[in-house]
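Hello,

Here is the structure we talked about. Please open it first, then read my notes below.

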Amino acid sequence: MNDHGHVRAPTYGLHVALAGTKTSCMMDSTVIKRKALELGADMVNICAVNPGWLFRTSKVPTSEGTVRFARVLVIGVAMDPEAFRVSPSAAIKEETHHGYRRMEEIALALGDYLSRLGYNAYSAGNGEALSIPLAIDAGMGTLGRNGLLLATECGPCLRICKVFTDMPLLPDARPERVLAERCAACTICSDACPANAIESGAAPSHERWRVDRHRCGKYWKETSQECAACISSCPATWEDCRTRPAEHAVTKEGTSVQPSPPCDGATRAAHED
Ligand code: SF4
Ligand code: SF4
């Protein structure tokens, strides 16, 4: 736990390829995605590793040495939006911790799986690289005004972990527009933020809408609360709410997730009250 009572970014680590086990042909990326879904991921896409998103302290080898991790599997772990109905709350804290635990289990197990196929892998939670830009590069969603990924499956109500690898996986398509179009005409999260930390103009003042992390952090520290108003207030959390899709379907073209029934009207109406 850190000073704010948050869970620290998990650090996972390297999985070394088992000698002599490398598969002789390029394994279909779909098989790896299917495995990630089996392990409990709610979303999984692939992108090339942009070194610009790696932390300066990252230990992931991308350009030098005999091992080069050129691909990353970006894994979305959906959280239960019902836990986010009231912010701040103990339920948010518990669901956040639950998300971190699932991230760790899935990323470690997938890294281990890749090593057994003969490839090197590096599993990471929040560490090693910026997760949201990687998720956007991997085509998992767009960037919201709230500074979070608005994932196609569950809006901003998810956590993201990564598995870097030297396996020659097929990248998914990046969206043409990085910023979520819907946010230009919506200021709900900005209005809901108790720290007044989220930019409110229709057009972003920089390349994206600014979220003042210092104001946000100061609010967390002063209140000793895990605020998540920018998740609980966002309509995308509720319109797309799918805590755990009932069934996953993987196609040749990539991963698609069978949508579970949308939120019923009562749920959404209660949130909007
Ligand atoms: S976590 Fe709370 S304080 Fe921080 S940006 Fe989101 S709504 Fe604002
Ligand atoms: S609340 Fe509205 S503006 Fe904020 S991230 Fe969600 S859709 Fe975008």
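Start with ligand 2. It has 14 residues around it, and the closest are Gly144, Cys183, Cys186, Cys189 and Cys234. Two elements each give two or more residues to this shell: α4 (188-192) and α7 (235-239). By type, the shell of ligand 2 has eight nonpolar, four polar and two charged residues. Keep in mind that this is a predicted model.

Now ligand 1. Among the residues around it are Cys193, Cys216, Cys227 and Cys230, along with Pro194, Ile198, Val211 and Tyr219. Here the elements giving two or more residues are α5 (213-223) and α6 (229-232). The shell of ligand 1 holds twelve nonpolar residues, with no polar and no charged ones.

Next, the core. The largest nonpolar core has 70 residues. Leu73, Val74, Ile75 and Ala107 have the most contacts inside it. Helix α2 (residues 90-116) gives the most to this core, with eight residues. What does Ala107 touch, leaving out residues up to four places away in sequence? Its partners are Tyr12, Ile75, Ser123, Ala124, Gly125, Cys161, Lys162 and Val163.

Last, confidence. The chain has a mean pLDDT of 82, and 78% of its residues reach 70 or more. Residues 1-10 are below 50. Residues 243-273 also stay under 50.

Best wishes

Note on methods. Residues numbered from 1 in each chain as written. Chains lettered and ligands numbered in written order. Predicted model: local features only at pLDDT ≥ 70, side-chain atom pairs only at ≥ 80, totals over all residues. Near = placed C-beta within 6 Å. Helix = DSSP H or I, 4+ residues; strand = E, 2+ residues; numbered from the N terminus. Nonpolar A, V, L, I, M, F, W, Y, C, P; charged D, E, K, R; others polar. Core = buried A, V, L, I, M, F, W, Y, C linked by C-beta atoms within 7 Å. Buried ≥ 20, exposed ≤ 12 C-beta atoms within 10 Å, placed from the backbone. Contact = placed C-beta atoms within 7 Å. pLDDT = per-residue confidence, 0-100.
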